[in-house]
Amino acid sequence: MNPSHSFLTRLRAEWAPSIPRELLAGAVATFALIPEVIAFSFVAGVDPSVGLFASFVISIVIAFVGGRPAMVSAAAGSVALVAAPLVQSHGLGYLLAAGLLAGAVQVVFGLLKLGVLMRFVSSSVRTGFVNALAILIFSAQLPHLHGAGTATWAMLALGLAVIYGLPWLGQRLQLRALTAIPSPLICVVLLTLIASGLGLPLPTVSDLGRLPDALPLFGLPEVPASLETLRIILLPALAIAMVGLLESVLTAAVVDEMTDTPSDKNRECTGLGLANMAASCFGGIAGCGMIGQAVSNVKYGGRGRLSTLFAGVFLLILMVALKDWVSRVPVIALVAIMVMVSASTFDWKSLGTLVRHPRLSSAVMLATVVVTIATHNLAAGVAVGVLLSGVFFAVKVSHMLAVRAEDDAATGLRTWRVSGQVFFASADAFIEAFDILGAEGRAVRIDVAGAHFWDITAVAALDKVVQRLRHHGCTVEVVGLNAASAVLIDRLGPSA
């Protein structure tokens with residue numbers, strides 16, 4: 001095969017398997033971004049243009065340097081929650097400086113290949129993360145419906161009917177025209193025309209905040225270059241970096257599962273860092289992967305980097321060149337899209353598996369959802385989920401420890417055969433399994449061929465058993481240590 005032809009084939013597969021679908025999917029993702037980005041800007045305490053510019057820059061940069069094609073990244077709610085206290089206490093300049101530092105931390109994280117740490121996030125935690133996010137996305141739309149009149153509810157019903165009905169109708173009637181254009185785009189155009197034509201008193205995008213009226217300008221954050229500045233931004237920057245990494249890698253994992261394709265998580269970490277550094281230099285807030293928008297992008301055909309790139313480009317076009325038109329889009333049209341995104345994001349199968357899966361796994365999933373919703377912090381929910389997963393795993397493994405005693409009537413030798421894992425959670429059970437008084441004055445052998453000693457607590461437990469046996473007049477022999485356990489005990493066990 002011609003090398004140049006092979007290169008072009010790989011390039012097209014990575015960037016644009018189908019150019020029309022990539023562009024349309026990216027456009028849908030853009031409309032899904034607008035209401036959330038504006039809302040998140042208010043959460044962070046900054047002007048909507050700060051979030052919109054950030055989303056444009058992040059999408060453009062990460063399309064080229066990210067590790068997950070078809071993934072959408074932009075200004076995100078979790079980052080906004082972390083950023084809000086810094087903005088309130090020190091202003092936008094310090095937030096931009098923190099974003100710049102957070103991006104640098106994320107680049108280092110990726111270069112050190114620490115993305116492998118995501119393997120410690122169990123499937124139950126990921127499911128809880130996705131479900132909690134879907135609920136938060138839906139709940140974020142409720143303020144737009146509070147006290148709504150008949151016209152608002154009617155337009156919402158019409159929007160949902162268009163979003164769900166047109167694809168179904170197109171498949172039933174085999175009309176490609178109804179399936180080629182994503183129904184959310186049709187929803188936005190149709191509801192805008194109806195609202196404008198009938199003069200309906202509905203809130204519009206312009207009511208959500210001031211939209212950008214010019215291109216973003218490059219410039220470093222206007223803060224003093226001093227140790228005091230570093231002291232102010234260090235902890236917020238680390239929080240922004242960790243929250244962003246967590247959400248981006250989890251979002252990449254969700255897209256991996258949806259598309260049955262792998263992605264480079266370490267490259268995604270590095271790419272996110274570069275994107276956040278660029279966004280901070282263009283006056284934008286730091287961001288991360290947006291699971292709702294990524295799901296929407298993939299759902300409507302996005303598979304390559306072109307959809308991510310176009311989501312950013314189209315956002316800028318809408319915000320600047322078509323600002324007057326976008327400002328007339330009724331908010332309820334965007335609400336309809338976000339309701340669809342939340343429904344698509346939620347893992348409905350997980351409701352049925354709650355009773356079929358092990359209870360501890362279901363408990364981890366539910367805890368992740370509850371904590372996330374209670375705190376409105378995805379990072380907190382995932383942290384609790386990971387912690388519970390580790391605790392439950394440790395408890396489960398500790399119960400697999402077995403110590404069995406065997407006596408040789410001819411020689412009087414007592415042999416204890418140990419099997420299983422000996423570590424901090426099972427060390428006490430290991431000690432208690434030995435009948436020290438029953439073996440007093442006898443020759444004792446502890447056979448650990450079927451066991452593994454993992455940590456200093458396990459070594460201390462073995463040493464304690466040996467010391468107690470010797471104190472009661474026993475001669476003790478430890479046999480069967482595997483290589484790893486032997487090395488650990490040689491280093492840490494003074495008498496074992």
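The following legends describe close-up views of a predicted model.

In this predicted model, local features are described at a pLDDT of at least 70 and side-chain atom pairs count only at pLDDT 80 or more, while totals for chains, interfaces and linings use all residues. Residues are numbered from 1 along each chain as its sequence is written, and side-chain values use heavy atoms, with hydrogens and water left out.

**View 1. An open sheet is formed by 4 strands in the order 3-4-5-6.** Helices (H or I, at least four residues) and strands (E, at least two) are DSSP runs, numbered from the N terminus. Two strands pair if DSSP finds at least two bridges between them. The pairing in this sheet is mixed. Strand 3 (402-407) and strand 6 (475-479) are the edge strands, each of which pairs on one side only. On average, neighbouring strands of the sheet are turned by 20 degrees against each other, direction ignored. Strands of a sheet pair through backbone hydrogen bonds, either parallel or antiparallel.

**View 2. Strand 3 and strand 4 form a hairpin.** The two strands pair in the antiparallel sense over 6 bridges. Asp407 stands opposite Arg414 in strand 4. Between the strands there are 6 residues, and Gly412 in the turn has a positive phi of about 80 degrees.

**View 3. Helix 21 lies across strand 4, strand 5 and strand 6.** Strand 5 (residues 443-453) pairs with strand 6 in the parallel sense over 5 bridges. Ala443 stands opposite Thr475 in strand 6. Helix 21 (residues 456-471) runs at about 175 degrees to strand 5. Axes are lines fitted to C-alpha atoms, for helices over the stretch in contact, and angles run from 0 to 180 degrees between N-to-C directions.

**View 4. Helix 18 packs against helix 19.** The axes of helix 18 (residues 359-375) and helix 19 (residues 378-398) are 7 Å apart, and the packing angle is about 155 degrees. Helix 18 is therefore roughly antiparallel to helix 19. Angles under 35 degrees count as roughly parallel, over 145 as roughly antiparallel, 65 to 115 as roughly perpendicular and the rest as oblique. The crossing of the two helices is right-handed; a crossing has this name if the near helix is turned clockwise from the far one by less than a right angle, and is left-handed if anticlockwise. Among the residues that meet are Leu360, Ala363 and Val364 in helix 18 and Leu378, Ala380 and Gly381 in helix 19. Contact means heavy atoms within 4.5 Å. The residues of this contact divide into 11 nonpolar, 6 polar and no charged. Ala, Val, Leu, Ile, Met, Phe, Trp, Tyr, Cys and Pro count as nonpolar, Asp, Glu, Lys and Arg as charged, and the others, Gly among them, as polar.

**View 5. Helix 6 and helix 16 cross at roughly 165 degrees.** The axes of helix 6 (123-139) and helix 16 (residues 331-345) come within 8 Å. That angle makes helix 6 roughly antiparallel to helix 16. Their crossing is left-handed. Val130, Ala134, Ile137 and Phe138 in helix 6 meet Met338, Val339, Val341, Ser342 and Thr345 in helix 16. By class, this contact has 7 nonpolar, 2 polar and no charged residues.

**View 6. Ala70 and Lys113 have positive phi values.** Most residues other than glycine have a negative phi, and most peptide bonds are trans. Ala70 has a phi near 75 degrees and is found in the loop between helix 3 (48-65) and strand 1 (73-75). With 1% relative accessibility, Ala70 counts as buried. Buried means under 20% relative accessible area, exposed over 50%, and partly exposed in between (1.4 Å probe, protein chains only). Lys113 has a phi near 60 degrees and is found in the loop between helix 5 (92-111) and helix 6. Lys113 is exposed, with a relative accessible area of 55%.

**View 7. Thr192 is buried in the model.** Thr192 has its place in helix 10 (residues 183-198), and its relative accessible area is 4%. Leaving aside its neighbours within four places in sequence, Thr192 is in contact with Arg328, Val329 and Pro330.

**View 8. Val255 is found in helix 11 (residues 227-259).** Val255 counts as buried, at 1% relative accessibility. Apart from its neighbours within four places in sequence, the contacts of Val255 are Arg68, Pro69, Ala294 and Val298. The C-alpha atoms of Val255 and Ile232 are separated by 36 Å, and these residues are 23 residues apart along the chain.
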